[in-house]
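This report describes one protein chain for a reader who is new to structures. Please keep the sequence and the model in view while reading.

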Amino acid sequence: TDAFAWLARLRDNITIYDQPGLSLYQLAASIQQIRQSQGVDLVIVDYLQLIRIDEGHSREREVATISSGLVALARSHDVPLIAISQLNQDGRIRESRAVEHDAAAVMKIVYPEDNWKEGGEPVDCELSVVKHRHGRTGRVPLTFMRSEQRFVERDFSSFRG
């Protein structure tokens, strides 16, 4: 109920495009339009691999183009941009290393397989800061409160950077 009330207060300040196959050009035009009317404080792309480009290259090259395009978009509009991406089984960003290269920070949430619980039980995990151009890397222990869909810090003193 509290989260709903909080979101209701923000509803005029949040824009969600739930559009499959959104292109970089469409995203840039949308950001420009919103920026002119009310301003943009943050852009979240969920998820990077769903952005479409009209090039006939390999998927790895397409994802690299999307990644560099998102960096240029964030810079040109002077807005922070978070792009969520899928990882391979080895923990690397799926389909292109260029995403890791372009990113100012790369973080992943690691869930130990033996720690996953069914139902609404809290799950211990950690936020692994793999890359951070302007800060420390390391791991932050978290607990995922499944029933509330949020993460809470377990013990920051154990941050290893």
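Ser128 counts as buried, because its relative accessibility is 11% and buried means under 20% relative accessible area, with exposed being over 50% and partly exposed in between (1.4 Å probe, protein chains only). Ser128 is part of strand β4, which spans residues 123-132. Leaving aside residues up to four places away in sequence, Ser128 touches Val106, Met107, Lys108, Val110, Gly138 and Arg139; contact here means heavy atoms within 4.5 Å.

The model is predicted: local features need pLDDT of at least 70 and side-chain atom pairs count only at pLDDT 80 or more, while totals for chains, interfaces and linings use all residues. Residues are numbered from 1 along each chain as its sequence is written, and side-chain values use heavy atoms, with hydrogens and water left out.

**The chain as a whole**

The chain contains 4 helices and 6 strands. Helices (H or I, at least four residues) and strands (E, at least two) are DSSP runs, numbered from the N terminus. Along the sequence their order is α-α-β-α-β-α-β-β-β-β. The chain has 161 residues, of which 29% count as buried. Among the contacts with a separation of 6 or more, 45% are between residues 24 or more positions apart.

**Two helices side by side**

Helix α2 covers residues 24-37 and helix α3 covers residues 59-77; their axes come within 11 Å and cross at roughly 15°. This makes α2 roughly parallel to α3, because angles under 35 degrees count as roughly parallel, over 145 as roughly antiparallel, 65 to 115 as roughly perpendicular and the rest as oblique. The axes are lines fitted to C-alpha atoms, for helices over the stretch in contact, and the angles run from 0 to 180 degrees between N-to-C directions.

Which residues of α2 and α3 meet? From α2 come Leu24, Leu27, Ala28, Ile31, Gln32 and Arg35, and from α3 come Thr65, Ile66, Gly69, Leu70, Leu73, Ser76 and His77. The residues of this contact divide into 7 nonpolar, 5 polar and 1 charged. In this division Ala, Val, Leu, Ile, Met, Phe, Trp, Tyr, Cys and Pro count as nonpolar, Asp, Glu, Lys and Arg as charged, and the others, Gly among them, as polar.

**Nonpolar cores**

In soluble globular proteins, nonpolar side chains tend to be buried together. A nonpolar core is a set of buried Ala, Val, Leu, Ile, Met, Phe, Trp, Tyr and Cys residues joined through side-chain atoms within 4.5 Å. The largest such core in this chain has 18 residues, and those with the most contacts inside it are Leu27, Val45, Leu48, Ile51, Ile66 and Leu70. At least two residues of this core come from each of α2, β1 (43-46) and α3. Helix α3 gives the most, with 4 residues.

Leu70 touches Leu24, Leu27, Val45, Leu48, Ile51, Leu81 and Ala83, when residues up to four places away in sequence are not counted. Apart from this core lies another, of 5 residues, among them Val123, Val140, Leu142 and Phe144.

**Loops and positive phi**

Most residues other than glycine have a negative phi, and most peptide bonds are trans. Asp78 has a phi near 50°, a positive value in a residue other than glycine. Asp78 lies in the loop between α3 and β2 (81-84) and is exposed, with a relative accessible area of 68%. Gln149 also is not a glycine, yet its phi is positive, at about 55°. Gln149 is found in the loop between β5 (138-145) and β6 (150-153), and it is exposed, with a relative accessible area of 59%.

Two other loop residues are partly exposed. Gly39, in the loop between α2 and β1, has 30% relative accessibility. Pro122, in the loop between β3 (105-110) and β4, has a relative accessible area of 32%.

Val110 belongs to strand β3 and is partly exposed, with a relative accessible area of 31%. Val110 touches Cys125, Glu126 and Ser128, not counting residues up to four places away in sequence.

| Pair | Distance along the chain | C-alpha separation |
|---|---|---|
| Gly39 and Val79 | 40 residues | 9.8 Å |
| Val110 and Asp124 | 14 residues | 9.2 Å |
| Pro122 and Arg150 | 28 residues | 9.8 Å |
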